[in-house]
Amino acid sequence: MLKVRGEEQEQLFLAARAIRKAYTNDVVSLRGVIEVTNVCRVNCDYCPMRRDNIKKNERFNMSEDDIFRMAEMIISSGIGIILIQGGEDRNILPAVEKAVRRIVSVYKDSVEIILNLGNFSKEQYIRLRDAGASSYILKHETSDSSLFQRLRYEPLEDRLNNLVVLKSIGFNVGSGLISSLPGQSIESIAEDIQIALDYNVDMFSVSPFIPAPNTPLHLSPAGDNDLALNAIACVRILRPSILIPSVSALEKNGPGGQYRGLSAGANVMTVNFTDIEHQKKYLIYGKDRFVVTKDHVKLTVEKVGMRLQHNNVPIM
């Protein structure tokens with residue numbers, strides 16, 4: 001199924017959409033994202049926020065007040081799910097913990113908070129959970145342990161063990177892969193999808209590889225959107241009720257990419273609420289990134305014939 005194209009691919013997408021409609025009623029879950037730091041301890045070859053890349057990358061850490069102010073903007077826009085993400089840096093954790101406590105104390109059950117901040121200790125995860133976060137995304141990126149080691153300079157096992165830890169302490173857990181990584185096989189992408197089953201994750205993303213400036217992989221070819229879309233469809237078929245985002249990397253790789261993501265079975269979109277000052281420094285794909293707005297989401301969802309979640313009550 002990962003290899004199909006043309007009419008066979010359309011049949012795959014049709015099957016994925018039918019399953020999504022049966023299990024999720026074709027509602028798109030909307031998140032607002034706050035990008036809280038571009039500092040990272042890891043040195044991933046594919047990421048311009050890698051530890052050793054100080055070229056044209058002014059570092060920032062948001063304060064508790066910054067995070068809370070942007071959370072207020074998300075909630076006032078009618079979005080009840082807040083995604084706080086950033087580079088892997090333990091120095092941001094105190095500000096995030098305080099901000100999460102403050103958000104939850106003010107908005108209580110009308111808000112859900114998802115974190116995407118990387119590998120930490122069990123004790124640090126428990127503090128974030130106790131502050132009020134209910135979900136944690138820890139993408140494994142690739143299930144090929146040798147490729148993972150080569151690109152991230154650390155063992156895959158640590159990442160996967162943390163998925164187990166997060167589940168064990170009560171988080172809803174997300175994972176995900178980067179497809180078309182240089183050196184990645186089609187078989188390992190099938191193994192990536194198997195992780196969604198083996199670890200019983202609640203959320204799972206598929207992002208096509210984006211070659212970014214000032215990284216060792218900047219001359220590598222861009223990822224194949226069709227392969228990423230087929231992986232989305234496979235995840236939907238295998239895990240009918242799972243949350244799958246249509247990620248901005250699909251749009252970055254080609255206009256209409258996020259529309260195709262929803263057409264392939266995705267059911268989540270994320271609007272960027274990071275203020276412009278910090279957004280310009282969050283070089284997730286370099287300075288030339290695609291920033292998702294609420295208007296873009298509304299048009300995309302309407303075009304594909306789905307419905308947006310219109311209130312502050314989370315689906316999950």
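**Notebook: cysteines, a histidine and aromatic rings**

I looked for disulfides (pairs of cysteine sulfur atoms within 2.5 Å) and found zero in the structure. The model is predicted, so local features need pLDDT of at least 70 and side-chain atom pairs count only at pLDDT 80 or more, while totals for chains, interfaces and linings use all residues. Residues are numbered from 1 along each chain as its sequence is written, and side-chain values use heavy atoms, with hydrogens and water left out.

I checked burial next (buried is under 20% relative accessible area, exposed over 50%, partly exposed in between; 1.4 Å probe, protein chains only). Cys40 is buried at 17%, and Cys44 is buried at 7%.

I then turned to His278, which is buried with a relative accessible area of 7%. Leaving aside neighbours within four places in sequence, I found His278 in contact (heavy atoms within 4.5 Å) with Phe60, Met62, Asp66 and Met70.

I looked up aromatic pairs and found three. Rings of Phe, Tyr and Trp (its six-membered ring) pair if their centres lie within 6.5 Å; planes under 30 degrees apart count as stacked, over 60 as edge-to-face and the rest as tilted. Tyr125 and Tyr136 have ring centres 5.0 Å apart and planes at 75°, so this pair is edge-to-face. Both residues, Tyr125 and Tyr136, are buried. Tyr136 and Phe171 are also edge-to-face, because their planes are at 65°, with centres 5.9 Å apart. I recorded one aromatic cluster formed by Phe120, Tyr125, Tyr136 and Phe171.
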